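Let me put the sequence and the structure up, and then I'll just talk you through it.

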Amino acid sequence: MRFFIFLFAAVFTAFSWLPAPCAAEEAARGDVGRAAVAGVLPFPSVLCLYLGSADKIAAIPPASMSAAREGLLGELFPSILKADTSFASGTGVNIEELMTLRPDVVFYLEADKTTGRALENAGLRAVAVSPSKWGYDVLRTYEEWLKLLAGIFPERAKNAERAVVYGRRTLELTKARAAKIPPGERRRVLYIVRAENGRIITSGKNFFGQYWCDSVGAENAAEEITAERSNAAVTMEQIYKWNPDVILITNFTKLTPRDVLSSPEWKPVKAVKRGAVYKMPLALYRTYTPGPDAPLTLLWTARAVYPESFGDIDLAKQAVRYYKEIFGLDVSEERAREIFCAPLEGGAGR
C-alpha cells in the first residue's frame, strides 16, 4: 500500500490549536519589522517558514547560519544569508552589538536567564523560546513554537495551522503502521549526536532521540542514560553492551557513516555488521531537532529503522508535496532525493 499524507481541513476546527497569546507575546505584537534570534538554533528556520520570508530576520546564531548555507533554507530564502551573526559572543549575546541592529523583537533561549534579563534591561522586546519544555516531544515543541509566533504575527496563523494538521496526521499514520511490528522484532537505535576528540554524545531518555524512537516503534539503545543533551556522554564499552541494530548520526557532527563503517573499533557492533548506519538529513535545518522538517524526519526515521515496513514511502515525492502544499515552496524532486534519500542509499549525507 502506498503511503501518502492527506490534509483534511475538517479534522480540526479552524484555529482550535491556538490559545490566547501570553503577556510576552502580547507585548511583542505590533509593527515587527526586524526580528533577531539568539541561542535557539532551529528557530530561524521556523520563523522564516512561518513568515514565508526571511526579509524580517535581522540576526541569527552562527550555527544556524552554517546550516542555512549548507542546507535548503539558504537556497529557498537567500536573504537569510544576509542576517547578522556578529552579535553572538560565545554562548551568550553581545547586547551592544545586537542593539545596533535595531530589532523590534528578540527570540532567546528560555533557559538562558542571563540573556533574558540583559535584553529586558536594554529595553528590547524579548520572547523566550524553549526546546525542552514539552519533554523533547519534537512535533509538540514545533506546534508550541508556531503558537508562540501566531500570538505575535496572527495574520500568518492560518498557514501554521496547516503545518500542525500535517504533522499530526503524519504521526498518526506512522504510529499506526509501527504498531503492527511485533515486540520481538523492534530494533534498538543508537543516536550519535556529537562525536569529537574521542567523546561520543548520544541521546538518552531526555533528548530528541527518545521521541524519534518512540514515534516509529523502536527502542532507544541509550534509554537508560538520564543525562540531558551534551551531558549524555557514552563509551564504546557501553555501546558494545547495547549492541544497537541501527545507528543514526546527526548533523551536529562531521562524523559520517563511512567513518563508522570503516572503523575497526565499531566493527563488532551489530548495526555496522548490518550496514545500518545513516546520516540524518540536513534540510531546512538539522533534522534531529524540532522544526518545519519534522514530519519528513519522522518518515525518514521510520524508513531507516524499518525499511521492510516503510520502504514503500517515496521520501522525495513526499517532500516535494509537503513543501509545496504546506509552505508554497518549490523543491525539485532531484534536490529532495539528494537530501532525504542519499543517506539511506549509502551516501554520507551533508
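So, start with Arg 321 and Glu 325: they form a salt bridge, and the closest N and O atoms are 2.9 Å apart. Keep in mind that what you're looking at is a predicted model. Where do Arg 321 and Glu 325 lie? Both sit in helix H15, residues 315-327, and they are 4 residues apart, which is about one turn of the helix.

Salt bridges that share partners join Asp 314, Lys 317, Glu 333 and Arg 337 together. Take one link from that, Lys 317 with Asp 314: their closest N and O atoms are 3.5 Å apart. Lys 317 has a relative accessible area of 42%, so it counts as partly exposed. Asp 314 is at 18%, so this one counts as buried.

How many salt bridges does the structure hold? The count is 18.

The side chains of Arg 168 and Glu 143 meet in a salt bridge, 2.9 Å from N to O. Arg 168 belongs to helix H8, residues 157-178, while Glu 143 belongs to helix H7, residues 138-152, so the pair ties together parts that are 25 residues apart in sequence. And are the two partners buried or exposed? Arg 168 is partly exposed, at 29% relative accessibility, whereas Glu 143 is buried, at 10%.

The largest pocket has about 860 Å³ of space in it. It is lined by 35 residues, and the ones closest to its centre are Gly 39, Val 40, Leu 41, Leu 109 and Arg 229. As for elements, the ones giving two or more residues to the lining are helix H3 (62-70), strand E4 (92-93) and strand E5 (105-109). What sort of residues make up that lining, by class? There are 23 nonpolar ones, 9 polar ones and 3 charged ones. And both domains take part: domain 1 (26-129) and domain 2 (185-341) each supply at least three residues to the lining.

You'll find Arg 229 in the loop between strand E10 (219-220) and strand E11 (233-234). Its phi is near 45°, a positive value in a residue other than glycine. Arg 229 is partly exposed, at 42% relative accessibility.

Arg 102 also has a positive phi, near 55°, and again that's a residue other than glycine. Arg 102 sits in the loop between helix H5 (95-99) and E5. With 67% relative accessibility, Arg 102 counts as exposed.

Follow the chain past E5 and you get to Glu 110, in the loop between E5 and H6. Glu 110 is partly exposed, at 25% relative accessibility. Now try finding Val 127 on the screen: Glu 110 and Val 127 are 17 residues apart in sequence, and their C-alpha atoms are 8.2 Å apart in space.

Next, helix H6 itself, residues 113-121. Which residues of H6 are buried? They are Thr 115, Gly 116 and Leu 119. They cover an arc of only 100° around the axis, so they end up on the same side of H6.

One last stop, Ile 60. Ile 60 is in the loop between strand E2 (57-59) and H3. Is Ile 60 buried or exposed? It's buried, with a relative accessible area of 0%. Ile 60 and Ala 88 are 28 residues apart along the chain, and their C-alpha atoms are separated by 8.4 Å.

Key: Residues numbered from 1 in each chain as written. Predicted model: local features only at pLDDT ≥ 70, side-chain atom pairs only at ≥ 80, totals over all residues. Heavy atoms only, no water. 1 Å grid on protein atoms, 1.4 Å probe; cavity = no way out; pocket = protein on both sides within 12 Å on 5 of 7 lines; lining within 4 Å. Points joined across faces, edges and corners; volume = space filled by probe spheres on them. Nonpolar A, V, L, I, M, F, W, Y, C, P; charged D, E, K, R; others polar. Domains from an automatic or database assignment. Salt bridge = Lys/Arg side-chain N within 4 Å of Asp/Glu carboxyl O. Buried < 20%, exposed > 50% of the residue type's maximum accessible area, 1.4 Å probe, protein only. Arc of directions from axis to C-beta.
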